[in-house]
Amino acid sequence: MAQGMITEKSKTIAVDFDGTVVEHAYPQIGEEMLFAFATLRRLQERGHKLILWSIREGDLLQAAVDHCRRNGVEFYAVNANFPGEVLEPGISARKVNVDIFIDDRNVGGFRGWSETYQMLHPEDGPFFHQLENEKAHFNYRVRKKKSLWEKWFGK
């Protein structure tokens, strides 16, 4: 997916992989989290620079990058502040200079991709994602907590 136009409102966003883009299945690649790739593509269209920031290294990291690429997300950088940055083992700190982190280990947990997008772009109104992973949508409906009304009246 092509990067959108960078503006003064564009952010650099670090995105975790396991548990955020895909369900936890490390070292394998889990199922897509609900709306993950649609939201990441939309953020890129809005001009945000996305950095994949993962504990994965080597072949496991490359598998994650390839998986994202197959799903239309090409990151600005991977485990680096900018493309081509070389981190020297034992010397370079693995601290990324970004405006926002999207990670399942956030305080309060990961709020989901729809809510994350709404926090970043409330002016867009509801973001209606195209269904891409039926299993993710099915699992979401199964895990969805019932409202008090649904519990009492079965609706």
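A pocket is, on a 1 Å grid over the protein atoms alone, an open set of points with protein on both sides within 12 Å along at least five of seven lines, and its lining residues have an atom within 4 Å of a point. The model shown is predicted: local features need pLDDT of at least 70, side-chain atom pairs count only at pLDDT 80 or more, and totals for chains, interfaces and linings use all residues. Residues are numbered from 1 along each chain as its sequence is written, and side-chain values use heavy atoms, with hydrogens and water left out.

**View A. The second largest pocket.** Its lining consists of D16, D18, H24, Y26, W53, S54, I55, R94, D103, D104 and R105. The volume is about 160 Å³, taken as the space filled by probe spheres set on the grid points, which are joined across faces, edges and corners.

**View B. The largest cavity.** A cavity is a set of grid points where a 1.4 Å probe fits but cannot get out. The structure holds one of 30 Å³ or more, and the largest has about 30 Å³ of space. Around the largest cavity lie A14, V15, D16, W53, F101, I102 and D103. Strand 1 (12–15) and strand 4 (100–102) each give two or more residues to this lining; strands (E, at least two residues) and helices (H or I, at least four) are DSSP runs, numbered from the N terminus. Five of the lining residues are nonpolar and two are charged, with no polar ones.

**View C. Helix 1 against helix 3.** Helix 1 (residues 36–45) and helix 3 (residues 113–120) pack at an angle of about 20°, with axes 9 Å apart. Axes are lines fitted to C-alpha atoms, for helices over the stretch in contact, and angles run from 0 to 180 degrees between N-to-C directions. The two helices are therefore roughly parallel (angles under 35 degrees). Helix 1 contributes A36, T39, L40, R42 and L43 to the contact, and helix 3 contributes W113, Y117 and L120 (heavy atoms within 4.5 Å).

**View D. The loop between strand 1 and helix 1.** P27 is found in this loop, and the peptide bond from Y26 to P27 is cis, with omega near 10°. F35 lies in the loop between strand 1 and helix 1, and its phi is near 70°, a positive value in a residue other than glycine. Most residues other than glycine have a negative phi, and most peptide bonds are trans.

Conventions: Parallel < 35°, antiparallel > 145°, perpendicular 65-115°, else oblique. Nonpolar A, V, L, I, M, F, W, Y, C, P; charged D, E, K, R; others polar.
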